[in-house]
Amino acid sequence: MRKHLIITAAAASLLLSACQRQAENLVEVTGHLFVFNYRVASATYLLTLKKTGPIPDGSVIIAEFENPQGGDPLVLNQKIYPIDDKIALQSQNLHCVRKDRPYSVSLRLVDKDGKVLQELKTQFRSDLDQTVLPSKPLVVGALYDKNPEVFKPDGSVDFSNTDKCPA
């Protein structure tokens, strides 16, 4: 009888500890990459997450992306909806992304009262240098007309990248 009680208690403690570990990890990173959009001459971080547990209503994810230009991190606050199983976080436009350099990102999942539910860190690494992008969008307007600042009336083309980036 005593042996049966000990086995039951051990099994219960294992189950409870497994539930506790699962509750700590409510989201996990499923992908991260730089998005270079040549058409509009922009680069952004794109981070995808998957829900692995129930997230309280009214929660937000606060992402702090390292600024490739230097200075303060780029902060994104995004509300999480109960219907979302996958979460995509995209930063504002970036400048000065360098090939093979690691860029760090910190994430905090916070409930509506400001309590931190989970923290994550990850790194991005680009296989391209942002100098491959033109400094001005190639197209403008809803009809994707050629940008006259890039495609000159005399037939010349200016794809130069004029970003001022730290060495």
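**Exercise 1. Find which residue meets Glu 28 in a salt bridge, and state where the two partners lie.**

Step 1. The side chain of Glu 28 meets that of Lys 50 in a salt bridge, with an N to O distance of 3.6 Å. The model is a predicted one.

Step 2. Glu 28 belongs to strand β1 (residues 27-37) and Lys 50 to strand β2 (residues 42-51).

Step 3. Classify both residues by accessibility. Glu 28 has 36% relative accessibility, so Glu 28 counts as partly exposed. Lys 50 is partly exposed because its relative accessible area is 35%.

**Exercise 2. State how many salt bridges a search of the whole structure finds, and describe the one that Arg 101 forms.**

Step 1. The search of the whole structure gives five salt bridges.

Step 2. Arg 101 is bridged to Glu 66, and their closest N and O atoms are 2.8 Å apart.

Step 3. Arg 101 sits in the loop between β5 (86-90) and β6 (102-110), whereas Glu 66 sits in the loop between β3 (60-65) and β4 (74-79). The two are 35 residues apart, and the pair links distant parts of the chain.

Step 4. Arg 101 has 34% relative accessibility and therefore counts as partly exposed. Glu 66, with a relative accessible area of 23%, is also partly exposed.

**Exercise 3. Do the analysis for the salt bridge between Lys 136 and Glu 149.**

Step 1. The closest N and O atoms of Lys 136 and Glu 149 are 4.0 Å apart.

Step 2. Lys 136 is in the loop between β7 (116-125) and β8 (139-140), and Glu 149 is in the segment after β9 (145-146). This pair links distant parts of the chain, 13 residues apart.

Step 3. Lys 136 is partly exposed at a relative accessible area of 31%. For Glu 149 the value is 44%, so Glu 149 is partly exposed.

**Exercise 4. Describe the largest nonpolar core and the surroundings of Phe 65.**

Step 1. The largest nonpolar core has 26 residues. Those with the most contacts inside the core are Phe 34, Leu 49, Ile 61, Phe 65, Leu 89, Leu 107 and Phe 124.

Step 2. Each of β1, β2, β3, β4, β5, β6 and β7 supplies at least two residues of this core.

Step 3. Set aside the neighbours of Phe 65 within four places in sequence. Phe 65 is then in contact with several residues, including Tyr 45, Leu 76, Leu 89, Val 105 and Phe 124.

Step 4. In soluble globular proteins, nonpolar side chains tend to be buried together.

Step 5. Leu 128 is found in the loop between β7 and β8. Its relative accessibility is 31%, so Leu 128 counts as partly exposed.

**Exercise 5. Work out how β6 pairs with β3 and with β7.**

Step 1. β6 pairs with β3 in the antiparallel sense over six bridges. In this pairing Val 60 stands opposite Val 110 in β6.

Step 2. β6 and β7 pair in the antiparallel sense over nine bridges. Val 105 stands opposite Thr 122 in β7.

Step 3. β6 and β7 form a hairpin, with five residues between the two strands. In the turn, Gly 114 has a positive phi of about 90°.

Technical notes
Residues numbered from 1 in each chain as written. Predicted model: local features only at pLDDT ≥ 70, side-chain atom pairs only at ≥ 80, totals over all residues. Heavy atoms only, no water. Helix = DSSP H or I, 4+ residues; strand = E, 2+ residues; numbered from the N terminus. Buried < 20%, exposed > 50% of the residue type's maximum accessible area, 1.4 Å probe, protein only. Core = buried A, V, L, I, M, F, W, Y, C linked by side-chain atoms within 4.5 Å. Contact = heavy atoms within 4.5 Å. Pairing = 2+ DSSP bridges.
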